[in-house]
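Hello,

Here is the structure we spoke about handing over. My notes on it follow below.

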Amino acid sequence: MRRPIVAGNWKMHGSRAENARLIEEIAAGFPERPAAACIVCPPFVYLQEVGRLLRDAELDSQIELGAQDCCAEAQGAYTGEVSAAMLRDVGCTYVIVGHSERRTLYGEDDQLVARKFAAAQSKGLVPILCVGEQLSEREAGLTNQVVGRQLDAVLELCGADAFAGAVIAYEPVWAIGTGRNATPEQAQEVHAFIRGRIGARNARIAAETRILYGGSVKAGNAAELFAMPDVDGGLIGGASLKAEEFLAILGAARS
Ligand code: PGA
């Protein structure tokens, strides 16, 4: 039984005042027994304070804290970087690795992403590994090849066992922030492919791995996406910054 996850990726948005307001609004409407696990991923500088806001709102047992990235190295002279151990230290349990914005805007390749995945796990964080194809790759019929390559980098470095307890987010790049989500059928097809790729190495772990869909998820399309058999919730960008939308998406998840 895979409990779904609804995770909010705040990206580079927010301020201390806006974060406080958002958490207050989420707290006001938070369901008593959500069907899905809930995570918020604020920018690094706000992690600790958002953790405190969640505790103050008595939501810390209901909403977990995730970071948006981590360094592949454990510690040392890496100016500007943040290690997995530091994220644990400030209360994170999850970390997104390999988001397409990191891959395309900051040149992160599959091998670096795999090393980040390993670094996160070695410090007890649950990595949320993002994979997904560009529009041109989909149009060229290369979706499975691209997603397969992104997954294989992690499988080769860490092995299939590393996916026990890990989370994958399928995020077609053409659907991120565009308002154009994948159809439920398109998402299901790739999710099944991802599960099969892991299953070829370890069927039990593949059956347990949660695979989230990300890319223009909103209150209006979440239920139909989450209803697909291999879609175990969502990684939500823009809509996670509006309490009402985020709560509606959380409510769309079913165990
Ligand atoms: P979006 O972003 O929901 O704004 O499309 C999703 C993501 O990048 O994780």
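A nonpolar core is taken here as a set of buried Ala, Val, Leu, Ile, Met, Phe, Trp, Tyr and Cys residues joined through side-chain atoms within 4.5 Å, where buried means under 20% relative accessible area with a 1.4 Å probe, protein chains only. This is a predicted model, in which local features need pLDDT of at least 70 and side-chain atom pairs count only at pLDDT 80 or more, while totals for chains, interfaces and linings use all residues. Residues are numbered from 1 along each chain as its sequence is written, and side-chain values use heavy atoms, with hydrogens and water left out.

Cores. The largest nonpolar core has 70 residues, and Phe163, Ile194 and Phe226 have the most contacts inside it. Helix 11 gives this core its largest share, six residues. (Helices are DSSP runs of H or I with at least four residues, strands are runs of E with at least two, and both are numbered from the N terminus.) A second, separate core has 13 residues, among them Ala7, Ile39, Tyr94 and Ile96.

Helix 11. This helix spans residues 243–252, and its buried residues are Ala243, Phe246, Leu247, Ile249, Leu250 and Ala252. The elements covering them include strand 1 (5–9), helix 1 (16–29), strand 2 (37–41), helix 10 (219–226) and strand 8 (233–236). Contact means heavy atoms within 4.5 Å. Leaving aside neighbours within four places in sequence, phenylalanine 226 has Ile249 and Ala252 among its contacts, along with Val6, Val217, Val231, Gly233, Gly234 and Ala253.

Helices 7 and 8. The axes of helix 7 (residues 143–158) and helix 8 (residues 184–199) come within 10 Å and cross at roughly 35°; axes are lines fitted to C-alpha atoms over the stretch in contact, with angles from 0 to 180 degrees between N-to-C directions. Helix 7 contributes Thr143, Asn144, Val147, Gly148, Arg149, Leu151, Asp152 and Leu155 to the contact, and helix 8 contributes Val190, Phe193, Ile194 and Arg197. Threonine 143, in helix 7, is buried at 9% relative accessibility. Not counting residues up to four places away in sequence, threonine 143 touches Glu133, Glu137, Arg138, Tyr170 and Val190.

Cysteines. With a disulfide defined as a pair of cysteine sulfur atoms within 2.5 Å, the count is zero. The sulfur of cysteine 38 has its closest cysteine sulfur in cysteine 41, 9.7 Å away, so it is too far for a bond. Cysteine 130 is in no disulfide either, the nearest cysteine sulfur being that of cysteine 41 at 9.2 Å. Cysteine 38 is buried, with a relative accessible area of 1%, and cysteine 130 is buried with a relative accessible area of 1%.

Regards

How values were computed. Buried means under 20% relative accessible area, exposed over 50%, partly exposed in between (1.4 Å probe, protein chains only).
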